[in-house]
Amino acid sequence: MDVRRAGLLLGLAGVLAAAGCSGAAAPRAETPASHQAAYPSPTPTPSPSPKAEPAGPYVALGDSYTSGLGVEPKAGEPSGCGRSGVNYPSLVARAIGASGAGFTDVSCSGATTADLTAAQRTAGGTNGPQLDALSAATRLVTLGIGGNDAGFVGVVTECAAQGLKQVLGLVKGTDAPCRRHYTENGRDELQRRVETVGARLDVALRQIRERAPRAKVYVVGYPALLPADGAACEQTLGQGVSAGDLGFLREKEGALNTVLAEHAKAAGAAYVDTSTPSAGHDMCAGSGIRWVEPPLPDPGLAPVHPNALGQQGMAAAVLAAVRG
């Protein structure tokens, strides 16, 4: 048995299981300069236009990818939501001139679509139903949600666990043990979850329209977690997840974004693609290039979540849509 590989797998599974969407951070994983050089330099984030007309009142709804979990400085209450003062909603609000009562951010780490209409308990207090922030006066809404409904971080954890089981000889060898785990008996369990997100999003968008009938609504997708070439992740993930399973994870994240886009369009909302502009800035890119942190992130940041660069990139994508 490859002891080093087993250790990497066990560490990967443990870090992800501990982190989930709770905000736990892990020690920094250094990325060799040779690996960083394989990725392009980050695309500069457009400076906010001083001539932009105010588009508020603006309300931001969503989960930890919206709240900016782990990105300093922290802002807002309850503390358990992990909101950042430089998350993409805050950057968008500044750019469009929405401030004070003209901007409300109720996004919260760990949120699912159920938390849009029900109070969400966190380790640092209770976040009220997110849709309660809407009113007839609201003119702009961004919604970034769905990953927790599909249990996506848990899926990454499971893929690491399946890889460990294979190394230990507990499951039969295959190039994609996690894919096999989720497609047993001919049924793709993860795809079923993704499709469920679409139905829940339909309900959420109807409720948003009822509460804020004059608002322009933007559903914000998820940035790319993994590169097209799984081999580029070996420095970051070791052999913790097989190349076949890296492709499986990328495929399912793409399916989730597709569902979000299709259901947003069907409901008359706009969809903001953050996956395309984040290509080359996935978790396996070097520190200072990546938009999403790897399982062993830079100090203080949340594993498998956008960092400050990621929030800036997502803000640029939202602003392009709002101004387009």
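**Basis**

The model is predicted; local features need pLDDT of at least 70, side-chain atom pairs count only at pLDDT 80 or more, and totals for chains, interfaces and linings use all residues. Residues are numbered from 1 along each chain as its sequence is written, and side-chain values use heavy atoms, with hydrogens and water left out.

**Overall make-up**

The chain has 10 helices and seven strands. Both are DSSP runs numbered from the N terminus: helices are H or I with at least four residues, strands are E with at least two. Of the 324 residues, 50% are buried. Buried means under 20% relative accessible area, exposed over 50%, and partly exposed in between, with a 1.4 Å probe and protein chains only.

The accessible surface is about 13600 Å². Carbon and sulfur atoms account for 54% of that surface. The areas come from the Shrake-Rupley method with a 1.4 Å probe; for residues, only the protein chains shown count as cover.

Contact means heavy atoms within 4.5 Å. Among contacts between residues at least 6 apart in sequence, 72% join residues at least 24 apart.

**Two cores**

A nonpolar core is a set of buried Ala, Val, Leu, Ile, Met, Phe, Trp, Tyr and Cys residues joined through side-chain atoms within 4.5 Å. The largest one has 49 residues. Leu-61, Leu-143, Leu-205, Ile-208, Leu-225 and Leu-226 have the most contacts inside it. Strands β1 (58–62), β5 (140–144) and β6 (216–220) are among the elements that each supply at least two residues of this core. So are the helices α5 (152–167), α6 (177–182), α7 (189–211) and α9 (243–266). Helix α9 gives the most, with eight residues.

Leaving aside neighbours within four places in sequence, its contacts include Val-106, Leu-116, Leu-131, Val-141, Leu-143 and Ile-208.

**Two helix pairs**

Two packed helices are described by the angle between their axes and the distance between the axes. Axes are lines fitted to C-alpha atoms, for helices over the stretch in contact, and angles run from 0 to 180 degrees between N-to-C directions.

| Pair | Angle | Axis distance |
|---|---|---|
| α7 and α9 | roughly 25 degrees | within 9 Å |
| α4 and α10 | about 45 degrees | 8 Å |

Helices α7 and α9 are therefore roughly parallel to each other. Helix α4 is oblique to α10. Angles under 35 degrees count as roughly parallel, over 145 as roughly antiparallel, 65 to 115 as roughly perpendicular and the rest as oblique. The α7 and α9 crossing is right-handed. Helix α4 also passes α10 in a right-handed crossing. A crossing is right-handed if the near helix is turned clockwise from the far one by less than a right angle, and left-handed if anticlockwise.

From α7, the contact residues include Leu-190, Val-194, Val-197, Leu-201 and Leu-205. From α9 they include Phe-248, Leu-256, Val-259 and Leu-260. In the other pair, Tyr-88, Leu-91, Val-92, Ala-95 and Ile-96 of α4 meet residues of α10, including Met-314, Ala-315, Val-318 and Leu-319.

**Helix α4**

Helix α4 (residues 88–96) is mostly covered, with eight of its nine residues buried. They are Tyr-88, Pro-89, Ser-90, Leu-91, Val-92, Ala-93, Ala-95 and Ile-96. Their cover includes β1, α3 (64–67), β2 (103–105), β5, β6 and α10 (308–323). Just after α4, Gly-97 takes a positive phi of about 80 degrees.

**Loops and backbone**

The loop between α3 and α4 holds Pro-73 and Pro-78. The Glu-72 to Pro-73 peptide bond is cis, with omega near 0 degrees. The bond from Glu-77 to Pro-78 is cis too, with omega near 0 degrees.

Val-304 lies in the loop between β7 (270–272) and α10. Val-304 is not a glycine, yet has a positive phi of about 55 degrees. Val-304 is buried, with a relative accessible area of 2%.

Pro-223 sits in the loop between β6 and α8 (234–237). At 1% relative accessibility, Pro-223 counts as buried. Not counting residues up to four places away in sequence, Pro-223 touches Tyr-65, Glu-253, Thr-274, Ser-275, Ser-278, Val-292, Pro-306 and Met-314. Pro-223 and Gln-311 are 88 residues apart in sequence, but 9.9 Å apart in space, C-alpha to C-alpha.
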